[in-house]
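Open your viewer and get ready to click along. We will stop at a few side chains and then step back for the whole view.

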Amino acid sequence: MGRLVAEEIAGDNAAPVSVGELALKLKRVVEGEFGHVRLRGEISGYKRVASGHAYLSLKDDSAVIDGVIWKGQVSGLAFQPQDGVEVIVTGKVTTYPGRSKYQIIIERMELAGEGALMALLEKLKAKLAGEGLFDNSIKKRLPFLPRVIGVVTSPTGAVIRDIIHRLEDRCPTHVIVWPVKVQGDGAAAEVAAAVRGFDAIPPGGPVPRPDLVIVARGGGSIEDLWAFNEEIVVRAIAACSIPIISAVGHETDTTLADFAADLRAPTPTAAAEMAVPVLADLRLTLDGYRQRTERCARRYHELSRERLDALVRVLPKRDTLLGPQRQKADDIGARLDRGLERRVTLARGSLDRSGGALRLSVLERQLAGARDRLERTWRLVESLNPDRLLDRGYVRVSARLSGAVIATAAAARAAGALTLHFRDGEVEARVERGGGTAYDRGAPDKSKPDQPKLL
């Protein structure tokens with residue numbers, strides 16, 4: 001039966017160690033023994049976390065080992081790791097005490113041969129094609145005669161000189177060069193940034209916006225052209241709103257940028273030829289169109305004149321059309337003359353009669369008669385003026401309130417307050433006895449008092 005509590009046994013020199021101490025010892029042993037190794041295997045479970053580090057597994061048909069690529073090494077990789085790609089990695093083996101696992105810290109990663117490179121290329125091509133980045137339906141039509149051409153290439157290579165010289169020979173055009181690295185670390189990022197930069201130029205700004213962009217590079221091996229197979233370049237070309245011609249390498253070289261571009265040129269020089277027409281040919285074509293237009297216009301003019309001459313021959317003569325109307329106008333003119341003469345004669349007679357009536361003696365006689373009638377009328381008016389009677393001692397009585405003339409006693413009693421108009425002024429009066437008495441209606445009786453006595 002085993003012991004319940006551990007006890008030291010005589011002769012036993014194996015002192016117990018903690019798990020952390022054992023992990024630390026194993027870590028020292030592993031790192032000391034495998035401080036620099038190169039492993040060949042297939043990538044599996046590749047993922048890049050938010051911190052920027054990348055984690056993956058390398059496997060073959062008999063074993064699997066975890067791998068870590070720190071953030072600084074991930075940005076320096078020449079390609080984008082993908083699952084299923086066979087690679088050769090260089091780094092050191094270490095342990096992870098937290099999980100009692102060993103892993104390789106990857107410092108450099110390379111594709112395991114050209115076959116692996118092509119496999120990676122085909123895999124990326126299939127992925128981007130599945131997203132529709134190579135569809136012909138999204139291809140843009142190239143402008144016939146671009147005014148400004150943007151070129152993304154190395155500023156020191158022969159490519160840019162070939163393009164400029166070819167453009168000058170065919171049709172001089174304004175060229176804007178965006179210098180980039182076309183090979184090595186950071187080349188893909190610069191090419192993608194250049195494409196996006198041309199696309200971001202606003203129309204009408206200080207820098208003219210290109211009507212066409214040429215992405216060009218000279219020939220080289222697949223490793224030299226690999227920057228144009230990077231996903232970031234392909235996506236930038238596919239998303240650009242400006243038509244793009246891809247001219248990378250020679251005619252036998254094909255990159256994913258060629259599939260994403262709107263047109264692929266076998267060489268940079270061919271790209272310049274595709275970008276613009278030959279100016280002399282264009283002028284010759286325009287001259288031919290001008291001559292054809294002139295001939296068409298001249299022929300149309302001749303046919304029109306022939307039709308017009310034919311119509312003139314069948315049209316009736318002017319005298320035939322205008323003869324009756326002209327005769328009718330003459331008849332109406334003659335009638336108008338006679339009418340005017342008669343009207344003038346009548347008006348002259350009326351004028352003579354009116355002139356005779358307007359002689360001075362006649363007017364003076366009419367004026368004297370009118371003045372005499374006016375004087376008689378005025379005398380009649382003066383005789384009918386009631387105030388004239390006042391001069392002879394009469395009085396005109398009127399109601400004080402209404403101003404109406406009082407002509408009867410009943411009207412005076414009804415008015416109550418009266419105004420007596422004399423020749424030299426007015427006197428206010430009041431009716432004391434509105435009902436009237438017997439001495440008012442009959443002969444005055446001085447012997448009888450106004451009120452009978454009681455006794």
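This is a predicted model: local features need pLDDT of at least 70, side-chain atom pairs count only at pLDDT 80 or more; totals for chains, interfaces and linings use all residues.

Is F134 buried or exposed? Its relative accessibility is 13%, so F134 counts as buried, the cut-off for buried being under 20%.

Show the side chains of F134 and F259 together. A search of the whole structure turns up two aromatic pairs, and F134 with F259 is one of them, a tilted pair. A pair of aromatic rings is described by the distance of the centres and the angle of the planes. For F134 and F259, the centres are 5.6 Å apart and the planes make an angle of 40°. Colour the surroundings too: F134 sits in the loop between α3 (114-130) and β6 (148-153), while F259 belongs to helix α7 (residues 256-260), so this pair ties together parts that are 125 residues apart in sequence.

Next, select W178 and F198. What kind of aromatic pair do W178 and F198 form? They form an edge-to-face pair, with 5.2 Å from centre to centre and 70° between the planes.

W178 counts as partly exposed, at 32% relative accessibility, whereas F198, at 0%, counts as buried.

Time to zoom out and select the whole protein in cartoon view. You can look for 13 helices and 13 strands. The radius of gyration is 65 Å, well over the 23 Å that the globule rule gives for 455 residues, so the protein is more spread out than a compact globule. Turn the model around: along the principal axes, the C-alpha atoms fill a box of roughly 190 × 115 × 40 Å.

Keep the surface on for the next stop. How much of the protein is buried? Buried residues make up 28% of the 455 residues. The protein exposes about 30900 Å², and carbon and sulfur atoms supply 56% of that area.

Finally, colour by charge. There are 67 positive and 59 negative side chains, and the centres of the two sets lie 15 Å apart.

Note on methods:
Residues are numbered from 1 along each chain as its sequence is written. Side-chain values use heavy atoms; hydrogens and water are left out. Helices (H or I, at least four residues) and strands (E, at least two) are DSSP runs, numbered from the N terminus. The radius of gyration is taken over C-alpha atoms; the globule rule is 2.2 Å times the number of residues to the power 0.38. Buried means under 20% relative accessible area, exposed over 50%, partly exposed in between (1.4 Å probe, protein chains only). Accessible areas come from the Shrake-Rupley method with a 1.4 Å probe; for residues, only the protein chains shown count as cover. Lys and Arg count as positive and Asp and Glu as negative; His and the chain ends are not counted. The place of a charge is taken as NZ of Lys, CZ of Arg, CG of Asp or CD of Glu. Rings of Phe, Tyr and Trp (its six-membered ring) pair if their centres lie within 6.5 Å; planes under 30 degrees apart count as stacked, over 60 as edge-to-face and the rest as tilted.
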